[in-house]
Amino acid sequence: LDGIVDLRGYKVGEQGILALAAALGTAKATAISIANAGFGREGFAALVEALQDQPALAKLDVTLNNLPGQAGPMLARILDGAPALEFLEASGNFLGDAGVALLAPAVERHPSLALLGLHKNELGDAAAAALAAALASGAPALAYLGLNMNSVGDDGAAALAEGLPRFKALSTLKLDNNALHGGVAALRAAAEELPRELALHPNGN
């Protein structure tokens with residue numbers, strides 16, 4: 001099991017994830033992809049515990065697993081227990097504003113996270129504001145923030161635009177298919193003032 005665990009698209013279910021969590025107790029992984037695996041809360045909780053002792057884990061993909069807002073602090077625990085994690089893809093879930101508010105402090109204090117994918121997670125302005133505050137205060141390595149297909153509006157865009165000058169490493173901001181109106185202009189204006197190039201994606205707003 002050491003190294004890469006790729007179970008993307010395999011409906012391993014609750015028992016499969018419990019078995020994976022047990023195996024991780026004696027193995028070390030650098031990348032775990034369990035997108036669309038069909039597990040529930042018990043399996044995810046066991047996985048979170050197993051990932052507390054994975055210092056080399058660099059990539060985790062939990063896309064399309066119906067994770068609710070209550071999974072926010074669980075994802076935060078994973079971040080806190082995996083200081084080498086560079087890639088966290090959690091798109092296609094149901095984290096919502098409440099879940100991301102609980103995840104954001106861990107994003108802020110994480111030293112290595114470079115990519116955070118939160119596309120299609122029922123996020124609104126509060127989530128965007130929480131992430132903007134996290135990136136402005138910390139998140140020194142975060143280069144890619146994916147928020148496509150959510151409901152971020154002009155207030156969320158304003159929070160991101162205001163924070164952009166203080167984001168340490170952000171080079172790609174994806175906001176396609178949200179609820180931006182005047183917020184697009186605010187983001188573009190803020191991006192133009194940056195001393196570095198920012199790939200801003202506000203299409204479909």
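1. Is Arg8 buried, partly exposed or exposed? In this predicted model, Arg8 comes out as partly exposed, at 45% relative accessibility. Its side chain meets that of Asp6 in a salt bridge, 2.6 Å from N to O. Asp6 is partly exposed too, at 36%.

2. On to the other charged pairs: searching the whole structure turns up 4 salt bridges. One of them joins the side chains of Asp53 and Lys28, at 3.0 Å from N to O. This pair links distant parts of the chain, 25 residues apart: Asp53 sits in the loop between helix H2 (41-50) and strand E3 (59-61), Lys28 in the loop between helix H1 (13-23) and strand E2 (29-33). As for accessibility, Asp53 is partly exposed at 45%, and Lys28 is partly exposed at 38%.

3. Worth a look as well is the salt bridge of Asp80 with Arg109, where the closest N and O atoms are 2.9 Å apart. Asp80 belongs to helix H3 (residues 72-81) and Arg109 to helix H4, so the pair ties together parts 29 residues apart in sequence. Asp80 is partly exposed, with a relative accessible area of 42%, whereas Arg109 counts as exposed at 52%, because the exposed class starts over 50%.

4. Now the helix packing. The axes of H4 (residues 96-109) and H5 (residues 125-137) come within 9 Å and cross at roughly 5°. The two helices are therefore roughly parallel to each other. Among the contact residues are Val100, Ala104 and Val107 of H4, and Ala127, Leu131 and Leu135 of H5. By type, the residues of this contact split into 10 nonpolar, 1 polar and 3 charged.

Terms used:
Residues numbered from 1 in each chain as written. Predicted model: local features only at pLDDT ≥ 70, side-chain atom pairs only at ≥ 80, totals over all residues. Heavy atoms only, no water. Axes fitted to C-alpha atoms, helices over the stretch in contact; angles between N-to-C directions. Helix = DSSP H or I, 4+ residues; strand = E, 2+ residues; numbered from the N terminus. Parallel < 35°, antiparallel > 145°, perpendicular 65-115°, else oblique. Contact = heavy atoms within 4.5 Å. Nonpolar A, V, L, I, M, F, W, Y, C, P; charged D, E, K, R; others polar. Buried < 20%, exposed > 50% of the residue type's maximum accessible area, 1.4 Å probe, protein only.
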